[in-house]
Amino acid sequence: MYMRRCLQLAENGLGRVRPNPMVGCVVVKDEEVVSEGFHQKYGENHAERNALLRLDDETACGATLYVNLEPCSHYGKTPPCADLIINKGVRRVVCCNDDPNPQVAGRGFEKLEKAGIEVVRHVLEEEGRWLNRRFFTFMEKRRPYIILKWAESADGYMAPDYKPYWISTEEERRQSHKWRTEEAAILVGSQTYLDDQPQLTARLWSGENPTRIVLDRRGRIKDLPEGWMKLRSADAVEAVEEMYRAGLQSVIVEGGRKTLDAFIDAGLYDEVRVFRGKARFGSGLKAPRWSIRFAET
């Protein structure tokens, strides 16, 4: 119950804390929740610090701290959370996921245990990995988390007679803009850019715009507006490598059929999000074909 609350709190940081993971924290004393916190914005206090600094030392002493990611043990934008947990006299730490960041990677747990604090690990581990799937993918696979997104007609076409056509509803477009605030980048191909001149902003939702990327292998686009990034990658594999080197933790690919197919053919996708309209076109530009890939166990 307490760990589920941590995950619920952590999700409040979606789109606000990247490239950091989303983290929530619950402090329990005598079977009562005495404080909560979550990582609210990149560069600001981590979840444990937000929760513990609300407590006086007497209340914190002997408490159990629940957190969905291993407490950090190094100085970054903020001091180590492990040190604060020790100094506050917390008796027990219950954690969901180990931190794959090489700067942490077990050192937080080791520091806590050396101080005599009981550590319980891997509580709701799979739920925690799903919540922070962008972070874990970036750290473990050394690439961004990749979401493919498009709209198609009821009979599987992206456009009738190869002409632009609004398939998604106004409500679905707002949903798309919300998704843009949640990811680090959004990518289209050069043909989509030249044909549609898309803004790719989150103007229909409150939040930060993603980094806007155009994949322009042949160098057809000479000038880009401010806030755009151009990749001259030969294929999807190179594009993903470039985005990783740029520190982009996640990307929505909203390109045309060729761009989407490049990522599908390379097996470079983690999620597929499709809006399916009610109209039937009968002919036109076919939507991509893809298959469900099951994660290795």
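A salt bridge is a side-chain nitrogen of Lys or Arg within 4 Å of a carboxyl oxygen of Asp or Glu. In the present structure, which is a predicted model, 20 such salt bridges are found. One of them joins the side chains of E118 and R92, with a distance of 3.6 Å from N to O. E118 belongs to strand β5 (residues 118–120) and R92 to strand β4 (residues 92–97), so this pair ties together parts that are 26 residues apart in sequence. E118 is partly exposed, its relative accessible area being 39%. R92 is likewise partly exposed, with a relative accessible area of 22%.

A second salt bridge links K114 with E110, and here the closest N and O atoms are 3.4 Å apart. Both residues lie in helix α5 (residues 107–114); because they are four residues apart, about one helical turn separates them. An α-helix has 3.6 residues a turn, so residues three or four places apart point the same way. K114 is exposed, with a relative accessible area of 67%, whereas E110 is partly exposed at 40%.

The salt bridge between the side chains of E271 and R273 has an N to O distance of 3.1 Å. Residues count as buried under 20% relative accessible area. E271 is therefore buried, at 13% relative accessibility, and R273 is buried as well, at 12%. Salt bridges with shared partners also join R91, R92 and E118 into one network.

The description now turns to the sheet. Six strands form an open sheet with parallel pairing, in the order β10-β9-β8-β11-β6-β12. Its edge strands are β10 (228–231) and β12 (271–276), each of which pairs on one side only. On average, neighbouring strands of this sheet are turned by 25 degrees against each other, direction ignored. Within the sheet, strand β8 (residues 185–189) and strand β11 (residues 250–253) run parallel and are joined by three bridges. L187 stands opposite V253 in β11.

Helices are placed against these strands. Helix α10 (residues 236–245) packs on the sheet and touches β6, β8, β9 (211–215), β10 and β11. The direction of α10 makes about 135 degrees with that of β10. Helix α8 (residues 170–182) lies across β6 (145–152), β8, β11 and β12, and runs at about 160 degrees to β12.

Helix α11 (residues 257–265) contains the buried residues T259, L260, D261, F263 and I264. The buried residues of this helix pack against β6, β7 (157–159), β8, α10 and β11. After α11 comes G267, with a positive phi near 70 degrees.

In helix α1 (residues 2–10), M3, C6, L7, L9 and A10 are buried. These residues are on the same side of α1, because they cover an arc of only 160 degrees around the axis. The cover over the buried residues of α1 includes β1 (24–29), β2 (32–38), β3 (64–69), β4 and α6 (125–131).

Two individual residues complete the description. E152 is found in strand β6 and is buried, at 7% relative accessibility. The side chain of E152 is joined to that of W150 by a polar contact of 2.9 Å. Residues up to four places away in sequence not being counted, E152 touches Y157, I167, V274, F275, R276, G277 and A287.

Q191 is found in helix α9 (residues 190–196). At 39% relative accessibility, Q191 counts as partly exposed. The side chains of Q191 and R220 are joined by a polar contact of 2.9 Å. Q191 and L215 are 24 residues apart along the chain, and 9.2 Å separates their C-alpha atoms.

Notes: Residues numbered from 1 in each chain as written. Predicted model: local features only at pLDDT ≥ 70, side-chain atom pairs only at ≥ 80, totals over all residues. Heavy atoms only, no water. Helix = DSSP H or I, 4+ residues; strand = E, 2+ residues; numbered from the N terminus. Buried < 20%, exposed > 50% of the residue type's maximum accessible area, 1.4 Å probe, protein only. Polar contact = N/O pair within 3.5 Å; in protein donor to acceptor, adjacent residues only side chain to side chain. Pairing = 2+ DSSP bridges. Axes fitted to C-alpha atoms, helices over the stretch in contact; angles between N-to-C directions. Contact = heavy atoms within 4.5 Å. Arc of directions from axis to C-beta.
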